[in-house]
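Here's a quick briefing to read with the model open in your viewer. Have the sequence to hand as well.

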Amino acid sequence: MASFLIRYLKSRDRGLLTVSVALLALGLLVGFGALYSIPLGLGDKKAVKLLGWTLERRVTYQAAFAAAAANLLVLLLALAVPRGAARGFLRPALAALNAAAIVFLAVRSDAILERREDSPVGAAAYNEVPPAPYDDPAFADSLIRVNDAPAAEAVRQRLIVRIFGDAGLPAGRGFDTVERSVEEPNLAGLPAARIDRMRMALDHGYEATAYHLVPEGEAAETLVLYNHGHVSDIFGEEAQHAIEQFLRAGHAVTALSMPNRRPNTTPGRIDTVRHGSIANRLDHESFSFLETAEYSPIRLFVAPLVAAVDQGLADGYETIAATGISGGAWSITVAAAVDRRIRATYPVAGSLPMYLLALPPNRPGDWEQVHADIYRIASYLDLYVLGAAGQGRRQIQILNQYDSCCFRGIGARGYASAVAEATAALGGRYELVILPEHDHRIAPEAFDIILEDLGRSPDG
């Protein structure tokens, strides 16, 4: 078999085969190099250095893969066509196909990547603020009910009672158990001087587990609550990357996952008032069965964050900040609205007002983000204001314009000024940042923004 293959290859045009194989390998090398050295998405570096040349990332990986595909086609033809014929047309075909692929993608790259390929809507939905009334700050202002201190406090108290009951915000309860200096193999690679494990029992058989990580070096003054979203958990690579960023910047971190995600305890069945004992499907809609006039399952999301604030203050931290991605960003948005002890919040790709969720390129989200009855008390715009209202408090809402999941586009610009003005009137600061990012993640630029703001004085 080997001797037959050697004789067969000798009968082909060796020069063409060599060139084709070399160019195929080069195209794949450059293409995969661009993909893996620079994350996909517009929020990261937009160019890659190759042998001193600066190559625009989007053009590079598309052109390289297209060229590799053209080389592969020519290579297959070279193996199928006799040697003499190969010299006649395959070399020009090779050059023409590669040139055409590179020129086409160089010209069309921006237009191709301007929209998500799996989206049924056009590029305008991502690049334009929706038309009237959604582009008018006055429309957003009309939806904000917390426009003075008495109104803000009244709405905050109604939210607290709805989520936690008549007993009010469980400030001071903290976690049920705190284990100092534990060994956690899933977090062993992080640059932490000490790791503490904290647990608390929640309603309906749920239990929350959080980890407090102390940075190496000088004692930290700021504790960052990091709440990861529904994709993976705090033991995943993305979450650990985020935790590492804050630890290396000298901040302590308390890491939390969403309900139904590790390391939290999740019941196999949940007991409901109207539907009896039902299997826990581990999805968002299962929480809807727990909502009654007396109980809000939003407590399962927010209570661990309040306990983390308690523990952080007990440990002597001067400032409590919070950030998160996706559902975790939504969680800290609600937590900051009811707990004023959270001084700075940085939700990333976590929410949009209902009227924007109903418009392309977005869609209504999870049950807790759309259907829970807390939104009868406060709109998302109210939550944003409450989350930053108060002297020295602030919130920077970060969204990804081309997010592969949700909360995308630039429609948020229509409400940003109204929220900022309402927040400023209550002594706080709100800011909106929209990054040209494709992935559903905290982009490097977002980390830069968060870390820079954490380094400012409270009134800075």
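Tyr 211 has Ala 255 of strand E7 as its bridge partner. Strand E7 covers residues 252-256, and strands here are DSSP runs of at least two residues (E), while helices are DSSP runs of at least four (H or I), both numbered from the N terminus. This is a predicted model, where local features need pLDDT of at least 70 and side-chain atom pairs count only at pLDDT 80 or more, while totals for chains, interfaces and linings use all residues. Residues are numbered from 1 along each chain as its sequence is written, and side-chain values use heavy atoms, with hydrogens and water left out.

**Strands around E7**
- Strand E5 (residues 207-215) runs antiparallel to E7, with three bridges joining them; two strands pair if DSSP finds at least two bridges between them.
- Strand E6 (residues 222-227) pairs with E7 in the parallel sense, over five bridges, and there Asn 227 has Leu 256 as its partner in E7.
- Five of the five residues of E7 are buried, so the strand is largely enclosed by the rest of the structure; buried means under 20% relative accessible area, exposed means over 50%, and partly exposed is in between (1.4 Å probe, protein chains only).
- In a regular strand the side chains alternate between the two faces of the sheet.
- Both faces of E7 are covered, with Ala 252, Thr 254 and Leu 256 buried on one side and Val 253 and Ala 255 on the other.

**A hairpin and a buried threonine**
- Strands E8 (residues 269-272) and E9 (residues 276-279) pair in the antiparallel sense over four bridges.
- Three residues make up the hairpin from E8 to E9, and Thr 272 has Gly 276 in E9 as its bridge partner.
- Thr 323 sits in strand E10 (residues 319-325) and is buried, at 0% relative accessible area.
- Leaving out residues up to four places away in sequence, Thr 323 touches several residues, among them Val 224, Leu 225, Tyr 226, Asn 227 and Phe 246; contact means heavy atoms within 4.5 Å.

- Helix H10 (residues 327-338) has twelve of its twelve residues buried, so it is largely enclosed by the rest of the structure.
- At 1.5 Å a residue, H10 should span 16 Å, and its end C-alpha atoms are 17 Å apart, which agrees; the expected span is 1.5 Å times one less than the number of residues.
- Ser 142 lies in helix H6 (residues 137-143) and counts as exposed because its relative accessibility is 51%.
- A polar atom of the Ser 142 side chain lies 2.5 Å from the backbone oxygen of Phe 139.
- Ser 142 and Ala 418 are 276 residues apart in sequence but 9.1 Å apart in space, C-alpha to C-alpha.

**Nonpolar cores**
- The largest nonpolar core has 81 residues, of which Leu 159, Ile 298, Val 302 and Tyr 415 touch the most other members; such a core is a set of buried Ala, Val, Leu, Ile, Met, Phe, Trp, Tyr and Cys residues joined through side-chain atoms within 4.5 Å.
- Helix H9 (residues 299-314) gives the most to this core, with nine residues.
- A second, separate core has 34 residues, including Ala 192, Ile 325, Ala 349 and Ala 443.
- Beyond its neighbours within four places in sequence, Leu 159 is in contact with Val 338, Ile 374, Ile 377, Ala 378, Leu 383 and Leu 386.

- Most residues other than glycine have a negative phi, and most peptide bonds are trans.
- A cis peptide bond joins Ala 132 and Pro 133, with omega about 10 degrees; Pro 133 lies in the loop between helix H5 (124-127) and H6.
- Pro 360 and Pro 361 are also joined by a cis peptide bond, with omega about 10 degrees.
- Ser 232 has a positive phi, near 70 degrees, and is partly exposed at 38% relative accessible area.
- Asn 260 has a positive phi as well, near 75 degrees, but is buried at 11%; this residue lies in the loop between E7 and E8.

**Whole chain and confidence**
- The protein has 15 helices and 13 strands, and buried residues make up 53% of its 460 residues.
- Mean pLDDT is 83, and 72% of residues reach 70 or more; pLDDT is the predictor's confidence in each residue, from 0 to 100.
- Over residues 36-46 the pLDDT is below 50, though this stretch has 39 contacts in the model beyond near neighbours in sequence.
- Where pLDDT is low, the predicted coordinates should not be read in detail.

Notes: Polar contact = N/O pair within 3.5 Å; in protein donor to acceptor, adjacent residues only side chain to side chain.
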